Amino acid sequence: MPAFIHRVTKYDPAHRDEQGHHTGPEDTLSDHGEVEAAYLRAVAAFAEDSGVDRLTVREPQVPSLAHFGAEPPVDGFGLAGLFPSVRQGSRASSGEVSPDQVPEGFHDGAVVSLDVALELVRAMLRDNGAWCRLEVEDRFTVHVGWDQYLYIGSDRPCERASARTRRLGLFPERLDSSPYAVETGGEDVQRPADEAFWAGLGRMVRACRAGMLEEMYVEGASRWHSLSRGGVGAVRARIAPRARLAVWPGLSSDVDAVLSAFPADGTVECLWQDVEGGPVHSALADEDTFPGLAGRMSGAVAASLLPLAADERVPLFTAVMPDSDGVVRARWRTEPTPADRHRALLTTLRPGQVVTGTVTRIADFGVTFVDIGGFEAMINIPELSWRRFDHPSDVVSVGERVEAEILGVEHLPERVALSLKALHDDPMRLLTGQTGRTVVGPVTKVLPFGVFVRVEEAENGFEGLVHISELADEHVDGADIAVQVGDFLPVKILDVDPPRRRIALSHRQAVPEA
């Protein structure tokens, strides 16, 4: 915040009780006349003293969180003519106004002229349902509060503006801070909707793990996008600057089941599509309004119901649109989901890093899952051991603490690949020094093209292939191999290929010629 903060009001400081509450005769509503004009001239005077002629819209809100209820909303939420284009397919969080009136240009980070900024202040003084902070970073701020309280911050003392404000009949008072200032920082790092985000989202859509994108372009209003294979890029192009995003599963084609799941009481958000690939409609409904809405939804091709309570309304993950340079400057935050918390952990992980975790489960398809600080990483079968095994449980067990190396980290969908064997030297490489040596080992497998012989004494020792052409004549009868599992054969090690996990053996070269 700038160093010099003034609270500007029409309330005489003499008209306050011991608790600081106003007791004077002034009305808390805008007079739409001389007093309102005085407020705007005061803002202009402080801006002139600060050398400011353009301001930035921050954290805009419409309509329920900003509409203080003193006066009814007016066309365009008080913004008509300031932002002429409108954003289609939106839903405001209040049913009192048409969502199609939400201006396209009214978004976080929008830069407006001082004249437009003054009209925004006028709309906020009139409680017309739109609210925002107006700021020039580290230099100037205008915050409109309840009951005609105005907070103006500047990096300059603005003594002339203060005197001008008094002459206008208003009362400027120095404060330490504005109650509407935003505290930036915090431990959580918001996920940016960057190239990696959109690429990962595309993968999740193709895998049928995500199907809907909620775009909250101002506080209190949102619109929905249906995500399809190959259509993620088109959706991205329509997203408002600095919008907050929430990714959800797709709508259900079983519309009857969705409608039958409507709760007996409470309000939910109803989503539906009238035609496949068409726009997504959204409406809030309770037990009284739902029957009428259900008639409209009954002809839909897909639908869904979402709760409104924060602890129940949990998307797959969230993100915020960065600026064109890739930096997230939006200060508002989304409610972190489990996936968002996982991302916070994943940002600290790097390939090659060694982690310790607990084996949580071994899936039927063989993948081993390991809890590393609240996130389940996975170990694929080939990464469990250098040596042969029949089942992952031969190497690890549920509940066991293991140490593993990180092979790779994916942020969307969230995946961490681990390796147990990467922390150990490949024992097969020791056999490369035994090329040309003759050993005796048991036959472990007989196949039409040859036999496998274990060349190490250990039960899980490495095995090599004796091709049928390398068996001595006595063990070959035409196309048949006259060797059984368990027979011991002398074999010569011809070649050891660790990358391909192959050992070539010869029985013919290990026995003296008859």
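In what order do the 3 strands of the open sheet sit? They run 13-12-14, with antiparallel pairing.

Before the close-ups: this is a predicted model, where local features need pLDDT of at least 70, side-chain atom pairs count only at pLDDT 80 or more, and totals for chains, interfaces and linings use all residues. Residues are numbered from 1 along each chain as its sequence is written, and side-chain values use heavy atoms, with hydrogens and water left out.

View 1. From one strand to the next, the twist averages 20°. Helix 7 (residues 290-297) packs on the sheet and touches strand 12, strand 13 and strand 14. (Strands are DSSP runs of E, at least two residues; helices are runs of H or I, at least four. Pairing takes at least two DSSP bridges.)

**View 2. Strand 12 meets strand 13.** Strand 12 (residues 268-273) pairs with strand 13 in the antiparallel sense over 6 bridges. Look for Q273, whose bridge partner in strand 13 is V280.

**View 3. V439 in strand 21.** V439 lies in strand 21 (residues 438-447). V439 is buried, at a relative accessible area of 10% (buried means under 20%, exposed over 50%, partly exposed in between, with a 1.4 Å probe and protein chains only). Leaving aside neighbours within four places in sequence, V439 is in contact with V455, L489, P490 and V491 (contact means heavy atoms within 4.5 Å).

Conventions
Axes fitted to C-alpha atoms, helices over the stretch in contact; angles between N-to-C directions.
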